[in-house]
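The following paragraphs lead through a protein structure by way of its charged side chains, and then turn to selected backbone and packing details. Please keep the sequence and the coordinates in view while reading.

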Amino acid sequence: MASNEFRDHDNEIDFEDMSLSEREELLKHEARRRYIARKEKQKSRKRKNTLLTVSRILAITLVIFVIVAYVFYNMSSAKKDKRNEGIEAFENGKYEEAVRLFSESIEESQWFTKDMDIDTYFYLGDAYMRLGKFQEAKETYHYIQAFGSKETASLANPYLNISDAMTDVMDGKYDMAIEKLKVEVDNGDSVAAMYLGTCYEMLGDNKKMLESYEIYLKDNPVNSYLAYQISTYYLENDNVELAKAYIDNGLEADEEYKDKLLFNDIVYYEKNHDFETALSKAETLKNDYPDVEEYKKEYDFLYTRVNVDTTLSNQSETTETE
């Protein structure tokens, strides 16, 4: 039976009734229609693929944007600010504040900061050492050795040995601590010499204390602690001008032993019989540190010395003049 698939939609003529030319024309028309339909379908499929590709690109771009935004958010966190504030506090001798800021910086979550954190741990350990919290310092340097690179672990080793020696000091094991510190000093670690001097000071060996401090000062600037220790020694031995030099340098160094250096400054003026200057400085010190009984007693003594015992004061001045 003849197929009725091809029909002229205008007159519904059967394909079999068409002439050869009409059949050819109809077949061409149908081929063209199918070609156009196929092309339209290809275009539609291409548009869909393009839209799908664009959607995927947009999705990937969005993910990248979110990641980048998160990274920048973390990079702009308080981590570095707290570290910088901690370094500033450390350099000003405010070690308790420095410990707090360094700890907060380390705890702040941020990508790609392992090296910075390890360096912050070094500052943290040093701050603990300055505070006399040697066990905490020891634990900090142990952490650096465990989680840092081989290079930082090597750098931490002498500090770990020093903190270990100072824990011996806190336990009263001075001889053991001195031997450990001597090893580090002999290895060229001048920082160990400062702590070695402290051990000798605790044992009352002032000569070896000064020798150790001098080793430290060859490679490091004076700090308020050393200035206080050395100026106290020179005041007790009536080398007042050398004591004064250390007092002034220590007051410019940091804040940690500021009040003790100011007290030594008062003693300096007393030893020079300048009681009025000493009284003025003692009044300021008493007002700035009202909870320290020693400073109040010194002020009361000088007040009596200047305002009550004028005869003795004048006698002292006369003696100096003669």
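A salt bridge is defined here as a side-chain nitrogen of Lys or Arg lying within 4 Å of a carboxyl oxygen of Asp or Glu. By that criterion the structure holds 15 salt bridges. The model is a predicted one, in which local features need pLDDT of at least 70 and side-chain atom pairs count only at pLDDT 80 or more, while totals for chains, interfaces and linings use all residues. Residues are numbered from 1 along each chain as its sequence is written, and side-chain values use heavy atoms, with hydrogens and water left out.

Arg 83 and Asp 119 form one of these salt bridges, with the closest N and O atoms 2.8 Å apart. The pair joins distant parts of the chain, since Arg 83 belongs to helix α2 (residues 79-91) and Asp 119 to helix α4 (residues 114-130), 36 residues apart. Helices in this account are DSSP runs (H or I, at least four residues), and strands are likewise DSSP runs (E, at least two), numbered from the N terminus. Buried denotes under 20% relative accessible area, exposed over 50%, and partly exposed the range in between, with a 1.4 Å probe and protein chains only.

A further salt bridge brings together the side chains of Asp 164 and Lys 138 (2.8 Å, N to O). This pair also links distant parts of the chain: Asp 164 lies in helix α6 (residues 150-170) and Lys 138 in helix α5 (residues 134-147), 26 residues apart. Both residues take part in a network of salt bridges that links Lys 138, Asp 164, Asp 168 and Lys 180.

Asp 238 and Lys 271 meet through their side chains in a salt bridge of 3.2 Å, N to O. Here the distant parts are the loop between α10 (224-236) and α11 (240-253), which holds Asp 238, and helix α12 (residues 258-271), which holds Lys 271, the two being 33 residues apart. Asp 238 is exposed, with a relative accessible area of 55%, and Lys 271 is partly exposed at 36%. The backbone of Asp 238 also deserves attention: its phi is near 60°, a positive value in a residue other than glycine. Phe 112 likewise has a positive phi, near 55°. Phe 112 lies in the loop between α3 and α4 and counts as exposed at 76% relative accessibility. Most residues other than glycine have a negative phi.

Other charges gather in surface patches. A patch is made of residues with over 30% relative accessible area and no salt bridge, like charges being joined within 9 Å and nonpolar side chains (Val, Leu, Ile, Met, Phe, Trp, Tyr) within 5 Å. Accessible areas come from the Shrake-Rupley method with a 1.4 Å probe, and for residues only the protein chains shown count as cover. Lys and Arg count as positive and Asp and Glu as negative, while His and the chain ends are not counted. The place of a charge is taken as NZ of Lys, CZ of Arg, CG of Asp or CD of Glu.

Arg 38, Lys 39, Lys 43 and Arg 47 form a patch of positive charge on the surface. Of these, Arg 47 is found in helix α1 (residues 20-75) and is partly exposed, with a relative accessible area of 48%. A patch of negative charge gathers Asp 81, Glu 85, Glu 88, Glu 91 and Glu 97. Its largest share, 4 residues, comes from α2. Glu 97 is placed in helix α3 (residues 95-107) and is partly exposed at 34%.

Where does Asp 189 lie? Asp 189 is found in the loop between α7 (174-186) and α8 (190-203). Asp 189 is buried yet has no salt bridge, and the nearest side chain of opposite charge, Arg 130, is 11 Å away. A polar atom of the Asp 189 side chain does, however, lie 3.0 Å from the backbone nitrogen of Val 191. Ser 231, in helix α10, is buried with a relative accessible area of 0%, and its side chain reaches the backbone oxygen of Ala 227 at 2.6 Å.

How values were computed:
Polar contact = N/O pair within 3.5 Å; in protein donor to acceptor, adjacent residues only side chain to side chain.
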